[in-house]
Structure formats: structure tokens, C-alpha cells
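User: Hey, I've got a structure open and I'd like to talk it through. Can you help me read it?

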Amino acid sequence: MDALDAILTRSSVPARLLGEPAPSDGELAEVFAAAVTAPDHGSIRPWRFAVIRGPALERFADLFAEATRRRDPEAGAAVLEEARRKALRSPLVIAVWAEIREDHPKVPPIEQIVSAGAAVQNMLIALHAKGYGAIQLTGPNAHDPFVKAGFGLQPKDEIVGFLYVGTPSEPPAAKRRPDAAAFVRHWDGAAALDSAAD
Ligand SMILES: Cc1cc2nc3c(=O)[nH]c(=O)nc-3n(C[C@H](O)[C@H](O)[C@H](O)COP(=O)(O)O)c2cc1C
């Protein structure tokens, strides 16, 4: 698939539509190779990835349920079961985070997070080009220190997404995209000069 075609035809697949087969470890190696071409100020390589499949998915579900219980000790069995169910929607999940260097002299944390986000986009495109479906999801668990600890992270680190990955059970619906031109201006500096005069 041509690179631009892959970008323009990619769309997220709802996690409930993602089933077997999931990419093999060999296929994932190419996906991670795509990930680490992300722009990376200072070559600090802030991105980290954890592949979750097989029996580990049950432990991932346990982690979500326990994190939910800790955030809301009153949560009932149905709420905790829903937390587990969410973790188990696809046959493969990839946690992606930025391991944040807070004291870097040139690269503030926001730039490290941007780099991890770019890695995610490369992965989504690579997975699509290989015929797989995927979606990037976060929610409260992604920002929960207990979940972070479950992956060996510190509170300063930022989970930018759990990528749910598999084969779509139905062809993704054609998605209407916004008119790109509506988001683009040709800047001539006038606004900057106007506000500088205030
Ligand atoms: C950082 C990040 C976190 C996201 N988290 C969620 C989420 O928790 N739940 C959700 O429904 N969509 C979430 N999304 C949006 C989906 O990943 C997806 O982009 C959206 O459904 C639009 O689909 P598209 O990728 O085909 O445009 C998130 C997107 C980003 C960039």
C-alpha cells in the first residue's frame, strides 16, 4: 500500500469488532520499527511499548478492575466486571507510554509526549497497511498511578494509549473526514503585529 493511501484510508476500528487473528510477533517487529521512526527531539527515545496477549490479558483485566475499585471503593460487581470486559475486547493490546525525563535541558515533557503520540500514529498506520484493525484508547485507567505501577511506570510517566489490535469482524464503515482547508490559514504576520501593538 502506498504510504499516503495508508494514511488516508486508515480509520479506527471499535475494539468490540477486533478479533483473531492478531499480528504475530514477527509482524509486530515491523510495527515497532515504524514506531521508532517517530520524530524525537534530542534522540531521547521516550517511547516504551508493552505487548499484552494470551494469559497476560487476564492480568491486564485484573489491573483495570483493581484500579477501578481503588478509585471508587463503593464500585459494585457490575462496574468491576465492566472494567475487566473493556480490557478483554481484543486479542492483543499494546500499552504505549512516554518515559518522561523531567530535567532534560532542551526537551520538555510535552515534546516527549508528542513523540510518543507520533509513534502511536506510525503504529496505527503500519497495522492498517498490514490489514489489521486498531484503536487508541485511554480513559481514567491510562492516567491512574496504580495502572502505571502495574507496568513498572512512575507517576510522572504518561500512558498515551492502549492500542487494541486485531482483525476487524466487519469492514470498517467509510468515515467522513473534515475539510482540511477549514483548519488552514496562510499566516502573513499581520495578527502578530496587531497584537504586539496592543
Ligand atoms: C490520546 C487519545 C486517546 C483516546 N482515547 C479514547 C478513548 O478513551 N475512548 C474513545 O472512544 N476514543 C478515544 N480516542 C479516539 C480514538 O482513538 C479515535 O481516534 C476516534 O475514535 C476517531 O477515529 P479515527 O481514528 O478513525 O478518526 C483517543 C484518541 C487519542 C488521540
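User: By class, how many nonpolar, polar and charged residues does the shell around the ligand have?
Analyst: The shell has 3 nonpolar, 6 polar and 1 charged residues. Ala, Val, Leu, Ile, Met, Phe, Trp, Tyr, Cys and Pro count as nonpolar, Asp, Glu, Lys and Arg as charged, and the others, Gly among them, as polar. One heads-up: this is a predicted model, where local features need pLDDT of at least 70, side-chain atom pairs count only at pLDDT 80 or more, and totals for chains, interfaces and linings use all residues. Residue numbers start from 1 along each chain as its sequence is written.

User: Which residues surround the ligand?
Analyst: S11, S12, I135, Q136, L137, T138, G139, V160, G161 and K175 surround the ligand. A residue is near a molecule if its C-beta atom, placed from the backbone, lies within 6 Å of it.

User: And which element gives the largest share of that shell?
Analyst: That's β4, with 3 residues. Both β4 (133-137) and β5 (158-168) supply at least two residues each. Strands (E, at least two residues) and helices (H or I, at least four) are DSSP runs, numbered from the N terminus.

User: How many helices and strands does the chain come to?
Analyst: 7 helices and 5 strands. From the N terminus on, they run α-β-α-β-α-α-β-α-β-α-β-α.

User: New topic: which residues of α2 are buried?
Analyst: In α2 (residues 25-35), L28, V31 and A35 are buried. They sit on the same side of α2, because they cover an arc of only 55° around the axis. That arc is taken from the directions from the helix axis to the C-beta atoms. Buried means 20 or more other C-beta atoms lie within 10 Å of a residue's own, exposed means 12 or fewer, and partly exposed is in between, with C-beta atoms placed from the backbone.

User: What do the buried ones pack against?
Analyst: β2 (47-53) and α5 (109-129). The face of α2 turned away from its buried side carries the exposed residues G26, A29 and A33.

User: Last one: at what angle do α3 and α4 pack?
Analyst: Helix α3 (residues 56-71) and helix α4 (residues 77-87) pack at about 140°, with their axes 8 Å apart. Axes are lines fitted to C-alpha atoms, for helices over the stretch in contact, and angles run from 0 to 180 degrees between N-to-C directions.

Terms used: Contact = placed C-beta atoms within 7 Å.
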